[in-house]
Amino acid sequence: MDVHHDIIQRIQSKITKLKSLDMNLTLFGAETHNYEFQAPLSDTSIRQFEKLHQINLPSSYRIFLQQIGDGGMGPYYGLEPLEDGLFASLDYKDAKYGLQNLSQPFSHIDEWNLPGDVNNMSEEEYQTSEESYFQDDVANGLLRIANFGCGVSVNLVVNGEAYGEVWVDDRCNSNGIYPDFYFGNEKRLDFFAWYELWLDKSINELEKPA
């Protein structure tokens with residue numbers, strides 16, 4: 001039996017339950033994804049994407065794309081379609097802000113931010129710092145999987161030592177890049193654990209007595 005079969009069955013059951021609990025779309029982001037999914041991707045489509053970008057997608061994410069859907073219902077404003085995960089900015093999906101380079105490894109294993117107090121920098125120092133801060137190579141190997149809003153993205157590491165982990169890119173708010181602990185988890189999460197934890201927290205929130 002597929003080792004992921006039970007996980008997929010459990011997640012699908014929780015998806016159904018959450019949709020039934022939030023008919024009025026009260027959860028944050030629900031009005032955007034409307035508890036719907038885009039069609040799943042074929043193995044061939046995924047392999048073509050992997051070959052093009054010289055990566056192997058983490059197994060949990062790959063299975064989700066194949067068996068549940070390519071973007072849609074998920075944390076914050078929902079899951080991004082695989083192809084949209086390449087955009088450097090999820091708020092402005094166009095060539096102006098560039099694309100992620102997945103073929104190069106993500107260089108961080110611990111949270112990262114540039115040192116220094118921007119309030120005490122000269123204009124020249126600030127400009128130099130900003131250029132370094134937003135260099136494309138800082139986010140190599142990160143696939144955008146969800147839009148938190150306000151320039152913040154949630155990402156899956158698809159290349160590098162932190163492979164398979166979910167990280168947050170919060171450079172737009174000068175908070176750097178760091179593993180995602182937003183759901184109260186003490187350990188780092190892979191895609192399945194991250195998604196299922198969101199389902200659990202959302203269901204618990206909606207089941208709380210008024």
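This report walks through the sheet, the helix packing and the salt bridges of a predicted model.

## Ground rules

Because the model is predicted, local features need pLDDT of at least 70 and side-chain atom pairs count only at pLDDT 80 or more, while totals for chains, interfaces and linings use all residues. Numbering starts from 1 along each chain as its sequence is written, and side-chain values use heavy atoms, with hydrogens and water left out.

Helices (H or I, at least four residues) and strands (E, at least two) are DSSP runs, numbered from the N terminus.

## The sheet

Start with the sheet: four strands make an open one, in the order β1-β2-β3-β4, with antiparallel pairing. Two strands count as paired if DSSP finds at least two bridges between them. The edges are β1 (142–149) and β4 (177–179), each of which pairs on one side only. From one strand to the next, the twist averages 30 degrees.

At the β4 end, strand β3 (residues 166–169) is joined to β4 by three bridges, and these two strands run antiparallel. Contact here means heavy atoms within 4.5 Å.

E165 sits in the loop between β2 and β3, and at 19% relative accessibility it counts as buried. The cut-offs are under 20% relative accessible area for buried, over 50% for exposed and partly exposed in between (1.4 Å probe, protein chains only). Setting aside neighbours within four places in sequence, E165 is in contact with N155, L156, V157, R188 and L189.

## How the helices pack

Axes are lines fitted to C-alpha atoms, for helices over the stretch in contact, and angles run from 0 to 180 degrees between N-to-C directions. Angles under 35 degrees count as roughly parallel, over 145 as roughly antiparallel, 65 to 115 as roughly perpendicular and the rest as oblique.

The axes of α1 and α6 come within 10 Å and cross at roughly 30 degrees, which means α1 is roughly parallel to α6. Their crossing is left-handed, a label used when the near helix is turned anticlockwise from the far one by less than a right angle, with right-handed for clockwise. On the α1 side the contact includes I7, I8, I11, I15, L18 and L21. Across from them, the α6 residues include F192, Y195, W198, L199, I203 and L206.

D43, I46, R47 and E50 in α3 meet R62, L65 and Q66 in α4.

## Salt bridges

Side chains of opposite charge can pair when their charged atoms come close. A salt bridge needs a side-chain nitrogen of Lys or Arg within 4 Å of a carboxyl oxygen of Asp or Glu, and by this rule the count comes to 13.

Take E196 and K14, whose closest N and O atoms are 2.7 Å apart. E196 belongs to helix α6 and K14 to helix α1 (residues 5–21), so the pair ties together parts that are 182 residues apart in sequence. Both ends are tucked away: E196 is buried at 10% relative accessibility, and K14 is buried at 19%.

R62 and E50 form another, with closest N and O atoms 2.5 Å apart. R62 is in helix α4 (residues 59–67) and E50 in helix α3 (residues 43–53), twelve residues apart. Both R62 and E50 are buried.

E80 and K93 pair at 2.6 Å, N to O. Both lie in the loop between α4 and α5 (123–133), so this bridge ties together parts 13 residues apart in sequence. E80 is buried at 8% relative accessibility, whereas K93 is partly exposed at 37%. Elsewhere, salt bridges that share partners join R10, K14, E196 and D200 into one network.
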